[in-house]
Amino acid sequence: MTGAQAILTSLIEQGADRVFGYPGGAIMPLYDALLDSPVTHYLCRHEQGAAFAAIGYARATNKVGVCIATSGPGATNLLTSLADAKLDSVPLVVITGQVARAAMGSDAFQEVDVLGLSLSICKHSMQVMEPGDLQPMLNRAFAIAREGRPGPVLVDIPKDIQLGFVPEHSPRPCNTASLPQASHNDIEQANRLLAQSQRPVVYIGGGVGMASAVPQLRDFLCRTQLPHVSTLKGLGSADYHHPLYLGMLGMHGLAAANLAVQQSDLLLIIGARLDDRVTGKLDEFAPEAKIIHVDIDPAEIHKRRHANVSLLGDLQHILPALECTSSKSAWSAQIEQLKQQKGNRYEDHVKGKEIDAPSLLRRLSDLSADDAIVCCDVGQHQMWVAQHMQFSHPTRHLSSGGLGTMGFGLPAAIGAQVAEPDKQVVAVCGDGSFMMNVQELGTLRRYQMPVKIVILDNQRLGMVKQWQELFHNERYSETDLSDNPPFSQLAAAFGIASAEIADAGEVEQALTTLLEHPGPYLLHVRLNHQANVWPIVPPNTANHEMWEQAR
Amino acid sequence: MTYDLELLLSDQPAALERVLQTARYRGFKVRQLQMRQRGSGLQLSMQVSGPQPINILTTQLHKLYDLASLNIEQTLPQTA
């Protein structure tokens with residue numbers, strides 16, 4: 001068996017039957033072997049797009065996503081996506097071709113030290129230098145990508161190892177890292193704090209979905225009836241119908257969520273890392289709250305805020321052991337009132353009015369299938385999606401959280417559609433972000449994937465413009481994108497059906513047409529560039545001092 | 001504060017770079033460094049200093065797959 005055949009054998013053994021990538025010189029033996037392999041390869045139009053597609057696949061399924069690229073520029077084009085996967089803890093195995101071992105270190109054509117480049121943006125990375133190590137390393141890469149807190153693993157494989165013969169390898173389970181387990185004493189201590197608290201709030205992060213602990217979380221919230229809020233990555237974990245669910249907290253969190261957290265005397269933080277976009281001014285974040293921090297990663301405990309009790313381990317085991325034995329009815333009533341006072345308000349889509357993006361997105365959410373997968377880019381539209389759309393599960397909301405990578409939405413939607421071919425997949429994009437991976441329209445056309453694209457076009461780099469307006473004295477520097485191409489014509493060039501709307505009276509019909517169209521479809525929505533995202537917590541400000549409207 | 005760390009690493013490509021990169025990124029300066037082969041692994045004696053609690057660094061070092069063991073030998077006040 002050649003090295004290239006061995007790679008594909010390992011992929012099949014690991015259940016990776018669908019992969020994304022882009023060929024090139026140093027990975028050609030693997031692409032040659034693909035022709036005779038049951039592995040299905042999806043050709044994207046840029047390595048970054050291919051890796052985002054693998055991320056979309058992984059995030060829609062909680063399985064390991066796989067991406068393949070060549071050496072040199074192929075490898076460097078992957079780096080942004082690797083960093084994205086690292087910061088959002090996405091299980092990924094990325095295979096790069098490398099120049100032949102004899103040429104390594106000689107500045108050969110398309111040679112780059114991808115191992116060195118990857119160190120700070122991967123959970124782990126490896127370079128195969130002996131044929132006999134190839135399959136054991138690949139198996140280990142999958143184990144590392146999955147175990148504990150997931151993340152991306154890079155495997156760099158010289159071309160001569162792909163071409164040469166590798167010894168037979170019997171697959172056997174890898175030694176995985178032993179995961180921490182919360183002690184009985186710690187759980188009792190957490191339960192005591194929960195019982196003693198007067199104003200507890202549950203703060204839900206992306207770890208719940210990644211631990212496949214959504215049922216355990218919902219059961220805990222049903223048993224305890226505690227008020228709860230979510231991070232961007234945690235959206236979909238809690239049942240959005242729950243009367244004590246307050247939505248997203250943080251810089252663009254909903255007012256009720258931020259106010260409840262600020263008033264709390266106990267925060268139960270589950271699978272979250274107290275990101276700066278969540279806490280605002282850290283010294284004034286939930287100033288009276290004790291902290292119970294539940295996570296799989298010991299490095300997150302005490303990193304940003306001291307935890308009174310920390311529970312390290314698998315959420316599937318910890319959540320059923322947590323309980324709250326005292327009633328919080330007065331606090332719950334206060335929360336329900338707060339939710340009522342600060343609830344979102346939406347506009348009717350009346351002819352002759354400008355389109356209101358939050359109202360459009362809420363309608364899109366109502367019209368979409370309950371298990372639709374929504375992917376988005378980064379910026380104002382991303383926050384509107386988080387604030388105004390509802391998700392039945394965290395695998396139904398794919399958003400670049402930690403790295404905040406523009407250009408994420410379209411390729412992630414392609415990966416999600418490959419993972420879930422029968423589900424509705426919608427990419428909500430900003431006009432700036434869409435242009436960053438616009439080439440992936442070619443991938444949509446090639447595979448005729450029925451991804452629905454909604455471009456919220458305010459002809460601006462909207463979030464940066466908003467900050468320039470609010471915090472830089474309206475000095476608008478390089479945020480005018482009014483020379484965007486006509487997006488419908490762009491779609492037509494790729495053979496993709498499209499429509500353009502600018503009047504609120506057109507919203508209902510346009511959304512219905514979008515969702516009912518059998519193939520890929522692009523809806524270009526023209527917005528007033530003056531619209532901003534509210535609330536916003538200004539920099540170095542406590543969350544309860546958020547601005548809920550323009551001042 | 002200044003901390004002396006003793007690390008045992010597996011002898012893998014980039015193992016030393018990972019340790020140094022982690023220390024730098026987490027806000028610690030490497031003051032002294034000595035590395036030698038020990039059996040099939042690498043023994044690293046490293047003195048670092050930084051304003052943050054050392055667990056900010058050690059919890060990250062423990063995540064490195066090339067790390068076999070880590071001990072904090074002693075803690076010294078930081079010198080100018």
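## Helix packing in chain A

Helix 12 (residues 255-263) and helix 15 (residues 329-342) of chain A pack with their axes 8 Å apart, at an angle of about 145°. Axes here are lines fitted to C-alpha atoms, for helices over the stretch in contact, and angles run from 0 to 180 degrees between N-to-C directions. Helices (H or I, at least four residues) and strands (E, at least two) are DSSP runs, numbered from the N terminus. The crossing of helix 12 of chain A past helix 15 of chain A is right-handed; the near helix is then turned clockwise from the far one by less than a right angle, and anticlockwise in a left-handed crossing.

Helix 12 of chain A makes this contact through A255(A), A256(A), L259(A) and A260(A), and helix 15 of chain A through I335(A), L338(A), K339(A) and K342(A). Two residues are in contact if their C-beta atoms, placed from the backbone, lie within 7 Å. By class, the residues of the contact are six nonpolar, no polar and two charged. Ala, Val, Leu, Ile, Met, Phe, Trp, Tyr, Cys and Pro count as nonpolar, Asp, Glu, Lys and Arg as charged, and the others, Gly among them, as polar.

## Model and numbering

The model is predicted: local features need pLDDT of at least 70, side-chain atom pairs count only at pLDDT 80 or more, and totals for chains, interfaces and linings use all residues. Residues are numbered from 1 along each chain as its sequence is written, while chains are lettered from A and ligands numbered from 1 in the order in which they are written.

## Chain A overall

Chain A has 23 helices and 18 strands. Its C-alpha trace spans about 70 × 65 × 45 Å along the principal axes. The radius of gyration of chain A is 24 Å, which agrees with the value near 24 Å for a compact globule of 551 residues; it is taken over C-alpha atoms, and the globule rule is 2.2 Å times the number of residues to the power 0.38.

Of the 551 residues of chain A, 54% count as buried. A residue is buried if 20 or more other C-beta atoms, placed from the backbone, lie within 10 Å of its own, exposed if 12 or fewer, and partly exposed in between.

## Nonpolar cores

The largest nonpolar core has 175 residues, and A54(A), C67(A) and L92(A) are among those that touch the most other members. Such a core is a set of buried Ala, Val, Leu, Ile, Met, Phe, Trp, Tyr and Cys residues joined through C-beta atoms within 7 Å. Helix 3 (residues 47-61) of chain A gives the most to this core, nine residues. Another core, of 14 residues, lies apart from it and includes L7(B), L9(B), L42(B) and L61(B).

In helix 5 (residues 79-87) of chain A, the buried residues are T80(A), S81(A), L82(A), D84(A) and A85(A). They pack against helix 3, strand 4 (92-98), helix 6 (114-118) and strand 6 (152-158) of chain A.

## Chain B and the interface

Chain B has two helices and four strands, in the order β-α-β-β-α-β along the sequence. Its radius of gyration is 12 Å, close to the 12 Å from the globule rule for 80 residues, so chain B is as compact as a globular protein of that length. Buried residues make up 20% of chain B.

At the interface, 12 residues of chain B are in contact with 11 residues of chain A. Helix 1 (15-25) and helix 2 (55-61) of chain B each supply at least two residues of the chain B side. That side divides into five nonpolar, four polar and three charged residues.
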